[in-house]
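Good morning, colleagues. Please look at the chain on the screen while I go through its elements and its surface.

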Amino acid sequence: AGGGHARAEDLRGYVGDLFFTDFMRFTMANVTGGSPLLWVHCFAAYLLTGIVIRELLIEYETFNSIRHLYLLSREPHLRTVLVTNIPRHLRSPSKISTYFRHVYPDAV
């Protein structure tokens, strides 16, 4: 009842069989030396690299245009400020808000 009785060698053999039968079929380890199929792998690697670079450039241009429009908008850009060493008598949300409205009247 329950598992835990499988031998490590059996599991290693099972995983090894899966790895070498399914995954390795699509790698260069399955191609013999001097075979013309090596050129297929070489071409596929270059093609995949080109596709990835093209997609990255397209996504970067899209991101860049969206960011540019956002930064040019008149909407206030949200910012987070970390304030440390607050005196004990100002450690409440209302007192901190009052203090910053007094110091920066047009910014808060």
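I shall begin with how the model is to be read, and then turn to the chain itself.

This is a predicted model, in which local features need pLDDT of at least 70, side-chain atom pairs count only at pLDDT 80 or more, and totals for chains, interfaces and linings use all residues. Residues are numbered from 1 along each chain as its sequence is written, and side-chain values use heavy atoms, with hydrogens and water left out.

The chain holds 3 helices and 0 strands; helices (H or I, at least four residues) and strands (E, at least two) are DSSP runs, numbered from the N terminus. Read from the N terminus, the order is α-α-α.

Of the 108 residues, 6% count as buried. Buried means under 20% relative accessible area, exposed over 50%, and partly exposed in between, with a 1.4 Å probe and protein chains only.

Which element holds Ile-51? Ile-51 is found in helix α2, residues 37-72. Ile-51 is partly exposed, because its relative accessible area is 38%.

Finally, consider Asn-85, which lies in the loop between α2 and α3 (93-103). Asn-85 has a relative accessible area of 76%, and is therefore exposed. The phi of Asn-85 is near 55°, a positive value in a residue other than glycine.
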